[in-house]
Amino acid sequence: MQERSRLKWLFVGPGILWVLAFTIFPLLYSLRLSFYNARMGRPVTFAGLDNYRRAFNDYRFWDALEVTLIFVVASVTLTVLLGLGLALLFHRPMRGQRFFRSIFLLPLFVAPIALGYLGLTIFHEQVGAVNTVLRAMGMVNLPAWFSDVWLARLAIVLVDVWQWTPFCFLVLLAGLQALPEEIYEAAALDTDSGWDTFRFITFPLLLPVLFTVTILRLVEAFKVLDIPFSMTSGGPGAATQTYSFYIYLVGLRNFNQGYASALAYILLILMVIIAFFFFNRLREIYD
Amino acid sequence: MTKSYQKLGKSILLWVLIIIATAWAFFPFYWAIVTSLKEPNVILTKPSLVPFWQFNPTLYNWQLELTTRGREIGRALGNSVIIAVGATIIATTLGTLAGYGLARFRFYGWGNKDITMWFLSQRFLPPMVTVIPFFLVIQTLNLLDTHLALILVNATFTMPFAVLLMRDAFKELPPELEESAWVDGASRWQSFRHISLPLAAPAIAATAVICFAFSWNEFLFALILTLKDAQPITVIIAGVEHTQGIQFWFVATRLLLAILPPALLALLVQRYIVRGLTFGAVKG
């Protein structure tokens, strides 16, 4: 195809300029801030690497990192596995599949902030939905979801899993439906074990889609803020205080913008490392 | 004979699983609806799940939300519409152009893939990294508590969806359609405008819906950049935290009000949602 070099920049240019304008400046600005003692209402002084050094000696930083990693691993694993299970379950000729898929579309469009508050009412110790059901089933010592470290973590993971499993499900179902049928016809001649068919045919063929789903989930999970923000306020103690939440507290509640920027940059570096890890595969997918 | 019984058993088991899964997906909505129909003192004293049998449903909370608090809620929904539509128009327009450019032209040096990946990598950027400088800039520009501030932010964050999805959509159209128009003397812009663009209309609609939904549900920037006049619904939802504890009933009503616009739009373009949310990597 003939190149008209000016014209092509007219198409791509505005988008690039827009994103550059609104990300490069903030990024440079927070990089600068991260080397300063910048607290609202106090003189700004150069701090060198102090903010970064401070982070590594800050046990809350390590706690937040740990909480985030637990959350990411639990949520990504559960959503992908449950999504895969559902996709396999629904991948068959069946009546009303469109209807079911519509239902599963809904959780994706709930504002996470609203979902967090709803989660608060669902897991409420006395009058929440979960404990109401457990009580009806005869349980006497009802779990106190928000005062136990691990139960609180479980609760936010479950809410996130509820929201994102449909994403994994719909994407993996689309992936399954795109697999060629002839392969299954051929396989049916050799085995009628469903497990073998899954292990040797479906799973390997579905790997690229599984990879895509996992990486997209990872990216979103690392940024998690809204659900712990509204559901647990990071509690009990700091048990559900995720990394983004900690930056929020430091920078926007305590107005220590210098330290918050350093924390943000550490998160950014982590994200870049993760991205770098997957980048070559991603490039292939978006070919 | 036994084989057909086995088959029947298997299919009953499958349907049981399907129904459980669907109930699980729908349960929080059910809980929200049920909660919105209970009087506050009933919510806080008598835990229950089934209307009529366990409690008498009432529209009390809805009345309160829509009359006494109606102005506040209405204004917030209006703000959300302005912000989300504004951001969607910008992101979809620029994203469609860039997507077309990436699908149809070749870039050298900084190649097509690099540009595409650069757009995608924007989604890796944690909002927490940019929120403080954004706040300071918006404050300096005197744009705090304006729709414009949030439109700019959301357009930026949803742009990657628009670029990648539209790039994918244009790649699927055969280039020959436009090439034959050039033979007839059409310019590149004309062939884009009159051939490719209309053919990509469904993808554009899906892009718009996704940009709309993400802008509509955005919370962090909305919280930081608005004070009162420009507050969207997500910030009003966070207002359910009351000094006397969480107001369950308003959680339920506002969640249900807030989900309606994006969910209805999403159902319209259902076929494209998977593709949109995976940036075009998986065809729905």
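**Where chains A and B meet**

Across the interface of chain B and chain A there are 12 residue pairs in polar contact, both residues at pLDDT 80 or more; a polar contact is a pair of N or O atoms within 3.5 Å, where within protein one must be able to donate a hydrogen and the other to accept it, and residues adjacent in sequence count only if both atoms are side-chain atoms. Helix H1 (residues 2-36) of chain B gives the largest share of the side that touches chain A, 14 residues; helices are DSSP runs of H or I, at least four residues, numbered from the N terminus. This is a predicted model, with local features needing pLDDT of at least 70 and side-chain atom pairs counting only at pLDDT 80 or more, while totals for chains, interfaces and linings use all residues. Residues are numbered from 1 along each chain as its sequence is written, chains are lettered from A in the order in which they are written, and side-chain values use heavy atoms, leaving out hydrogens and water.

As for contact overall (heavy atoms within 4.5 Å), 100 residues of chain B touch 98 residues of chain A. The rule also finds 1 salt bridge across this interface, that is, a side-chain nitrogen of Lys or Arg within 4 Å of a carboxyl oxygen of Asp or Glu. A:Glu220 and B:Arg123 form a salt bridge at 3.3 Å, N to O.

One residue to look up is B:Thr156, which sits in helix H7 (residues 147-172) of chain B. Its side chain makes a polar contact of 3.1 Å with that of A:Trp18. Beyond neighbours within four places in sequence, B:Thr156 is in contact with A:Trp18, A:Val19, A:Phe22 and A:Thr23.

How values were computed: Helix = DSSP H or I, 4+ residues; strand = E, 2+ residues; numbered from the N terminus.
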